[in-house]
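Please read it alongside the sequence and coordinates shown here.

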Amino acid sequence: MTHEMAASPPVRTPHRHDARLRDGGAKPPTHRNLGLTPTWHVGALAAVAAVALVLGVWSMTQVDPLRIGGAGLIDVLPPAYFVALALSLVGFVASLSLRRLVPALLTWQLLVTAVVLNGADPVIHGLPRLEASFRHLGIADNIAQTGQLDPSLDAYFNWPGFFNLLGMLSGASGAKDLMGIATWAPVGINILMLAPLLALARRLTANPRQAWAAVWIFYLASWIGQDYLSPQAYSFFLLLTLIACLLSVFGGWAWPTERTRLSRWLSRNVSKLDGAVPRQGIMEPPRTDTAVLVVVCGLILLAMTASHQLTPFAVIPILAAMLLTGRLRLRFLPVLAVVLPVGWLLFAASAFLQGHFGQLFGSLGDIGANSFGALSTRVSGSDAHVFVVYTRMAEVALVWILAAVGAFVGYRRKAPWLTAAAGALAPLVLIPLQPYGGELLLRLYLFSLPFAVCLVVLPLMSDKSAGLGMRRAIGLLLMGAVLATSTVVSRYGNDSMESFNNDEIAVVNRLYSMAPTGSILIEAVRNTPWRFQHYADYDYRALVAAEPVPNAAPLTCDAASQIARKAGAYLIVTESQQEAADLRGSTPAGDLQRFVATCATTPGWTKVYENAGGVIFHIEGVSNAK
């Protein structure tokens, strides 16, 4: 070879590509052999999601609220709703199976799923769900109007952070009536949770596909219903944001692993159990930004502490679990998480602590009463309600069993699992404290769910970033269908008592218009959509709580007459009160109707208003009796 030949550049002609084809050379790159996804595939899946959204919302508008029975919405939703739900499930799994992940498409699919599953209350009823939503609006209004906190008025005023935020929102927007925000809160809160959920799942799974699938399962299995306008929803969002931030920026061991015998033993065993702790995408911001983020994390803890009684205590074991699995460098943060809620309880909420000391610590250490004892009391009421309760228990058991299987699979194939398992189990250490009004297990399920779903996906998904195979896709779809269907039952099983109508609001407004300020207002069963205004202007009472009562005694007119004995009172009985009493067994079956009929003929009782939503009685007292 001559020097000239060696130095000659290769000849490139415009027709070289064609020549290679004619000569049997390699074919040009295509979407298939580059692993890319044709644009029309993405557009078609986005269109399927749009159809699911439109069909789902339209089908919910066809529901007649008057036909909702003891089993909730599952009996009255039209077939079109389940077609829409199926389209949303198929669309997400198909989007997840594409060769190339399209985050915008997956986000759109998740948003559609969130609206279809959580939009029933605002679309069907057009009013906030749960009577607590109305009370929360009233507390925020009272703080905004008076500019003061009155802990003697209500325990909520000892944790005013969320309500102050609502008051600021009302003042900044000029919207004095936040009823619309409360109505759409279940949809809005679930949309807000998407970003922190995805960030958290991304740090606890092996690849982005697993993270997206975990968030999807969270939406399908989150039936607790704490996503209404409430301090717990706000605090749960803060918790997710805090954990996502810590896993993203402050991962790693909080101390040198070779410093002591204990640290060596801990790091060695963590590595044996889970040697594949992912660090993909973990940020390393400059020192100034890191310092700012540390302050932000502290402020999030403070905001949670000032807003809710339980969530700050649930954060403590979760942070401890992250610390002990090498996923949290800030060793002072769990200490701060302990100091803040304990200090708040001792100082800021000292009045509440003194008045409820026995209630707070009376069942300390009684694991049976705080867990299965509290749970067993809920398995009562009508047959339809018992069916809903068993469906909820089955769904919780299914998620935790799948998470346990996922932890085992992750350990066997050396995939990330340990931190997710520790985070899922950590909230359970709160069981010995107290039953939290019988709702502790429900809340602990919610706290553990963001971590548990990161384990649930492991048996059905590969640790590689490639798209899903047919078998895995079908398995994921079937699991999603089971969870989504059961959530329709478990989330909306109490819809007849947790939702309200305009007739009931009209009854409440008429009560406020006729009752003088300072009057005693009595509800037969604690389930009335009131106190959204005039929160501190009246003395609110209830004859019975909307809770299961074994062998409940009948209501008597004398109980209300005794309350009204001195100065008189007004009694309100609404449709939702009757539903709550019948579903949960707060009173004997049909007793509330008998109570109303009997009291209507009692001397000193006057029916002053009635419509389809309820009835108001005025009860004369000694000072104003005729």
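## Basis and terms

A residue is called buried under 20% relative accessible area, exposed over 50%, and partly exposed in between, with a 1.4 Å probe and protein chains only. By that scale Lys414 is exposed, with a relative accessible area of 66%.

This is a predicted model, in which local features need pLDDT of at least 70 and side-chain atom pairs count only at pLDDT 80 or more, while totals for chains, interfaces and linings use all residues. Residues are numbered from 1 along each chain as its sequence is written, and side-chain values use heavy atoms, with hydrogens and water left out.

## Chain overview

The protein chain has 30 helices and five strands. Helices (H or I, at least four residues) and strands (E, at least two) are DSSP runs, numbered from the N terminus. Of the 626 residues in the protein chain, 50% are buried.

A contact means heavy atoms within 4.5 Å. Among contacts in the protein chain with a separation of 6 or more, 77% are between residues 24 or more positions apart.

## Helices H22 and H25

Helix H22 (residues 383-412) packs with H25 at an angle of about 145°, and their axes are 9 Å apart. Axes here are lines fitted to C-alpha atoms, for helices over the stretch in contact, and angles run from 0 to 180 degrees between N-to-C directions. The crossing of H22 and H25 is left-handed; the term applies if the near helix is turned anticlockwise from the far one by less than a right angle, and right-handed if clockwise. From H22 the contact draws on Phe387, Val388, Thr391, Arg392, Glu395, Leu398, Val399 and Leu402, and from H25 on Met479, Val482, Leu483, Ser486, Thr487, Val489, Ser490 and Arg491. By class, the contact of H22 with H25 has nine nonpolar, four polar and three charged residues. In this classification Ala, Val, Leu, Ile, Met, Phe, Trp, Tyr, Cys and Pro are nonpolar, Asp, Glu, Lys and Arg are charged, and the others, Gly among them, are polar.

Thr487 belongs to helix H25 (residues 470-492). Thr487 is buried, at a relative accessible area of 2%. Leaving aside residues up to four places away in sequence, Thr487 touches Leu220, Ala221, Ser222, Trp223, Glu395 and Tyr492.

## Cavities

Rolling a probe the size of a water molecule over the atoms shows where empty space is left. On a 1 Å grid over the protein atoms alone, a cavity is a set of points where a 1.4 Å probe fits but cannot get out, and lining residues have an atom within 4 Å of a point. Grid points are joined across faces, edges and corners, and a volume is the space filled by probe spheres set on the points. A search of the whole structure finds five cavities of 30 Å³ or more, and the largest cavity has a volume of about 80 Å³.

The lining of the largest cavity consists of Ile189, Asn190, Met193, Ser222, Gly225, Gln226, Asp227, Gln232, Ala233, Phe236 and Leu446. Helix H11 (185-192) and helix H14 (231-249) are the elements that give two or more residues to this lining; the largest share, three residues, comes from H14. The lining divides into five nonpolar, five polar and one charged residue.

Ile189 lies in helix H11 and counts as buried at 15% relative accessibility. Ile189 touches Asp227, Tyr228 and Ala233, not counting residues up to four places away in sequence. The C-alpha atoms of Ile189 and Gln226, 37 residues apart along the chain, are separated by 9.8 Å.

## Positive phi in loops

Lys414 has a phi near 60°, a positive value in a residue other than glycine. Lys414 sits in the loop between H22 and helix H23 (418-425).

Arg531 also has a positive phi, about 70°, although it is not a glycine. Arg531 is in the loop between strand S1 (520-525) and strand S2 (539-544). Which is Arg531, buried or exposed? Arg531 is buried, with a relative accessible area of 14%.

## Two further buried positions

Asn142, in helix H8 (residues 131-146), is buried at 12% relative accessibility. Asn142 touches Gly147, Phe157, Tyr535 and Ala536, not counting residues up to four places away in sequence.

Val270, in helix H15 (residues 261-273), is buried with a relative accessible area of 9%. Val270 and Thr325 are 55 residues apart in sequence and 6.3 Å apart in space, C-alpha to C-alpha.

Note on methods: 1 Å grid on protein atoms, 1.4 Å probe; cavity = no way out; pocket = protein on both sides within 12 Å on 5 of 7 lines; lining within 4 Å.
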